[in-house]
Amino acid sequence: DTPLAECLAHLNLSNCRVPSLPALLFELRALQTLNLSYNPLTDLSPARGGWAVGSGLQLLSFLDLSNCKIHDLGVLPHDVLHRPKLATLLLSNNELRRIPLS
C-alpha cells in the first residue's frame with residue numbers, strides 16, 4: 001500500500017470552513033492541485049511548521065485561495081510563490097488591501 005501522502009495529487013477543500021492550514025497539507029508530496037476557496041482563511045501560516053516544511057507541496061502547480069477573506073498578501077508566506085511547479089495562484093474575491101512588491 002502506498003501512503004496517501006505519496007499518492008494524493010488533487011485535493012478540494014473548498015467551502016469546508018477551514019479556518020487555518022493544517023500542517024498535514026505539507027506532508028502531501030504528490031499534491032499538484034489544492035483548492036481552498038470559500039474558506040475563512042485569513043492566516044495562511046500552517047498550525048505547525050511552515051510552507052518549507054519537509055518535501056511536501058513541491059509539485060503544487062495550482063492553488064485556489066479565492067473567496068477566502070484574505071486582507072493582506074503579507075500573510076501569504078514568501079515560499080508559496082517560489083514553489084518550483086506553481087503555475088496558477090487564484091486570489092480573486094478577497095479583501096486585499098495591499099500587495100507586497102517583493
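Predicted model: local features only at pLDDT ≥ 70, side-chain atom pairs only at ≥ 80, totals over all residues.
The model contains an open sheet of four strands, arranged in the order S1-S2-S3-S4 and paired in the parallel sense. Strand S1, at residues 10-12, and strand S4, at residues 88-90, stand at the edges of this sheet, and because each has a single partner strand, one side of each is left without a neighbour in the sheet. When direction is ignored, neighbouring strands of the sheet are turned by 0° against each other on average. In general, the strands of a sheet pair through backbone hydrogen bonds, in either a parallel or an antiparallel manner. Between S1 and strand S2, which spans residues 33-35, the parallel pairing runs over three bridges, and Leu11 stands opposite Leu34 in S2.

Leu34 also belongs to the largest nonpolar core, a group of 20 residues in which Leu34, Leu41 and Leu65 touch the most other members. Leaving aside residues up to four places away in sequence, the contacts of Leu41 include Val18, Leu21, Leu36, Leu65 and Ile70, together with the polar residues Ser20 and Lys69.

Asn39 lies in the loop that connects S2 with strand S3, at residues 62-64. Its relative accessibility is 2%, and Asn39 therefore counts as buried, the limit being under 20%. Polar atoms of the Asn39 side chain lie 2.7 Å from the backbone nitrogen of Val18 and 2.9 Å from the backbone oxygen of Leu36. Beyond residues up to four places away in sequence, Asn39 touches Leu13, Ser14, Asn15, Cys16, Arg17, Val18, Asn67 and Cys68.

Technical notes: Residues numbered from 1 in each chain as written. Heavy atoms only, no water. Pairing = 2+ DSSP bridges. Helix = DSSP H or I, 4+ residues; strand = E, 2+ residues; numbered from the N terminus. Axes fitted to C-alpha atoms, helices over the stretch in contact; angles between N-to-C directions. Core = buried A, V, L, I, M, F, W, Y, C linked by side-chain atoms within 4.5 Å. Buried < 20%, exposed > 50% of the residue type's maximum accessible area, 1.4 Å probe, protein only. Contact = heavy atoms within 4.5 Å. Polar contact = N/O pair within 3.5 Å; in protein donor to acceptor, adjacent residues only side chain to side chain.
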